[in-house]
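Hello,

Here is the structure we talked about. Please open it and keep it beside you as you read the notes below.

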Amino acid sequence: MFESKSGVFLIAGLGFFAFAFLSNALVPALMYRDLPEKTTAQLVEENSNLMYQFENLANRYPEQFEKYYGEVTEEKCAEALELGRRTYVSEACWHCHSQFVRPVSREEDRWGPVSRTEEYQNVLQRPVMFGTRRIGPDLSREGGRRGNDWHAVHFFQPTMVSTGSPMPAYPWFFDGSPDKPNKRGIALITYVQWLGSWLESYPYYEDFKPIPLPEEIKESIEKEAEESQES
Amino acid sequence: MIDKLAKAEDPRHEQLVDEPIVVAYFLLALGYLALSMLAGLLMATQLVHWNPLNGIELLSPGRWRMIHTNVVAYGFLANAFLGALHWSVPRLVLKPVLDRRLSWFILVAWQVVLLCTFFGIVFGPTLQANIAALERLPFSLGAQGIEWGETPTWIDPLALAGLLLVAVNFMGPIVRTKGPMYVSAWYFIAAFVWTFLTYAMGNFLPQYWLAGTSAGAVGGLFIHDLVGLFVTPLGWGLVYYFVPILLQKPIWSHGLSLVGFWGLAFFYPLNGIHHFLYTPIPMFLQYGAIISTIAVEMVVTTVIVNFFATIWGSGRQLITNLPVRWFYTGMVFYGLTCLQCAMQTTLTFQALIHFTDWVVGHAHMVMFGVFSLWLLGIMTYLFPRLWRTEWYSKELLEYHYWLSSVGLLVMAADLILLGPFQGYYWASLQPWEVSVDGSQPFWMLRVFAGLAMLAGQLCFFYNIYMTWRRSRAQGVPVSTGTQQAPPAEVAPQA
């Protein structure tokens, strides 16, 4: 049996694969089968954070917005979100930016609330954008932390607003200059501003203040500064 | 099969092996290896601000990063495996493949899949943004959002059909063989089944049926199974085939071979979720994956013990016999990488090194340090036999070996060391730029390690070209696997 064709084919080939599939893929799928998968329209609906950002894009880049999207409606916003996600995937953004906050390594202090399953039950997470590498920061709570202008300039030439950033430039999201984002540019900015828009903690970027450092870290930094002054 | 004494009525090499297809697969594989390395170089230079092509849409480092991984998996490894299988499967079971025309059809179909993948990832998003008719398509022409499965959705069905045909073509002769099989055949049979199932599961389920956390679980299974159930069993099957031939003695322990295969077959598929620890995937599944991963390390130890016991007493071959050296170097890296895996999969390590370059170093050690080294060793062994002439230059072969293996060692060590640095930068809540700036010296060293590996391959390409020229000058015969047996006094190729 252990050296025969049928043994290898049936037990190892099909059997063990099926066992692993049942226990590792089917179990979570069944566990979450009662969590409804939201459509893009449902994600946009009553999402004032997202609609605020979308409207803001229309105000900041009126000509470009008019040309590529026309009016500020929920349908247009959903369209931009979908194109934004498609661009996020096909430009491999998710290979350098993750989309989940872990309950370890002080990630809660850096990014915000730890990720929960419900956040991922929607079509924009099909396939899921967890990511496996962080060359740049995690993006799952990025929305609202920076203004649309910042994102536009950053996509056009990252080093203009983030010195030393190794992120590539994406001038093809613009019609020539950073104040003229094209369809893909507006879509991708909408997508990034959407990330985290479902949370209570979604910031209004002009009021955004980073989460304060925990006391013991602040103390140790102050102590180091004092010591370096003394020496 | 392998230890059976050759009988007079056994079919000859000329009736079994289609040599031109082996050569064709090897040359294609090496072409894709060069392409993949150039793509890696582009991304590596981007990270250290040395990329002069930054801002050109069709040369975007992001798109070429996906070319780097997909071309190495489906271009280099898959083609090289198919070439090596066309040599070893017929000689192992003493029957030619199911149909020679099917073999050539698969070769062409697979290159079409690869070209479509390349075209889709690089040109897809650009075309779709600029041509109105394509923009309205309900699917993306560009990459799919699945790691190691970025092959665009529209080419996935053809790729899956290709994998099915590969399985049919090789299973044909295997099925007609009676009695217990040699170790290599176990790995090959399992690999044909697993590769097909893995590809179907990973490319279709999270795209069409599952979202969110459960898609993440399937994505983890896919990343892991692609290495564990496609690359690993084919690699070990070939090593079990070539090492006893090269050392001219049987594998040390058949019992350990059994433990190795069945242990791997059971535990390997259960590992996938260890790629997504601390995600919202249920904790008991994460623990299961961690325990299975540590179990795999135990199994791997038995396999490595078996192979080092086999070479015991013939250690000098590591110096004199270059293919043997390639195989055993790969095995040392395999041992290291699996040991590393058993550590890094624990929650303690994950908290620190997940998302860092530690994992990137690990991936390079597996894909290049183990399986690419084995395949390059097989090519080093087979090209002179396929062309019936000596290598043009033994010295260039040595350069190829040393530049590849030392280059990889430096790259992997560099990235693995960088991992904890990045992890501690992040955990200490310093500004993000600190981790990027701190990575620069490591990333620079990585560029040069990669250039050394590329230089090694260039030595190999030149050597192959000159060897081919020499064999053409000598006008050697070619076996297509369909000829009549030669007269009895002509010994078959060793």
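Start with Ala25(A), which sits in helix α1 (residues 5-31) of chain A. Keep in mind that this is a predicted model. Ala25(A) counts as buried because it has 25 C-beta neighbours inside 10 Å, and 20 or more are enough for that label. What does Ala25(A) touch, leaving aside residues up to four places away in sequence? The answer is Ala217(B), Val218(B) and Leu221(B). Ala41(A) is 16 residues from Ala25(A) along the chain, and their C-alpha atoms are 28 Å apart.

The two chains meet as follows. On the chain B side, 73 residues are in contact with 65 residues of chain A. That side of chain B has 48 nonpolar, 19 polar and 6 charged residues.

Next, the domains of chain A. The assignment gives domain 1 (1-33) and domain 2 (42-230). Their centres, taken over C-alpha atoms, are separated by 40 Å.

- Helix α7 (residues 148-156) of chain A has buried residues Asn148(A), His151(A), Ala152(A), His154(A), Phe155(A) and Phe156(A). They pack against α3 (48-60) and α8 (183-194) of chain A.
- Arg126(A) and Pro127(A) are joined by a cis peptide bond, with omega about -10 degrees. Pro127(A) is in the loop between α6 (107-111) and α7 of chain A.

Now chain B. Helix α14 (residues 357-387) and helix α15 (residues 394-427) of chain B pack at about 165 degrees, and their axes are 7 Å apart. An angle over 145 counts as roughly antiparallel, so α14(B) and α15(B) are roughly antiparallel to each other. The crossing is left-handed. Residues in the contact include Trp358(B), Met365(B) and Phe368(B) of α14(B), and Leu408(B), Met411(B) and Leu415(B) of α15(B). By class, this contact has 14 nonpolar, 9 polar and 1 charged residues.

Two loop residues of chain B are worth a look for their backbone:

- Phe355(B) has a positive phi of about 75 degrees, though it is not a glycine. Its place is the loop between α13 (347-353) and α14 of chain B. Phe355(B) has 23 C-beta neighbours inside 10 Å, so it counts as buried.
- Leu429(B), also not a glycine, has a positive phi near 60 degrees. This residue lies in the loop between α15 and α16 (432-474) of chain B. Leu429(B) has 18 C-beta neighbours inside 10 Å and therefore counts as partly exposed.

Best wishes

Note on methods:
Residues are numbered from 1 along each chain as its sequence is written. Chains are lettered from A and ligands numbered from 1 in the order in which they are written. This is a predicted model: local features need pLDDT of at least 70, side-chain atom pairs count only at pLDDT 80 or more; totals for chains, interfaces and linings use all residues. Two residues are in contact if their C-beta atoms, placed from the backbone, lie within 7 Å. Ala, Val, Leu, Ile, Met, Phe, Trp, Tyr, Cys and Pro count as nonpolar, Asp, Glu, Lys and Arg as charged, and the others, Gly among them, as polar. Axes are lines fitted to C-alpha atoms, for helices over the stretch in contact, and angles run from 0 to 180 degrees between N-to-C directions. Helices (H or I, at least four residues) and strands (E, at least two) are DSSP runs, numbered from the N terminus. Angles under 35 degrees count as roughly parallel, over 145 as roughly antiparallel, 65 to 115 as roughly perpendicular and the rest as oblique. A crossing is left-handed if the near helix is turned anticlockwise from the far one by less than a right angle, and right-handed if clockwise. A residue is buried if 20 or more other C-beta atoms lie within 10 Å of its own, exposed if 12 or fewer, and partly exposed in between; C-beta atoms are placed from the backbone. Domain bounds come from an automatic or database domain assignment.
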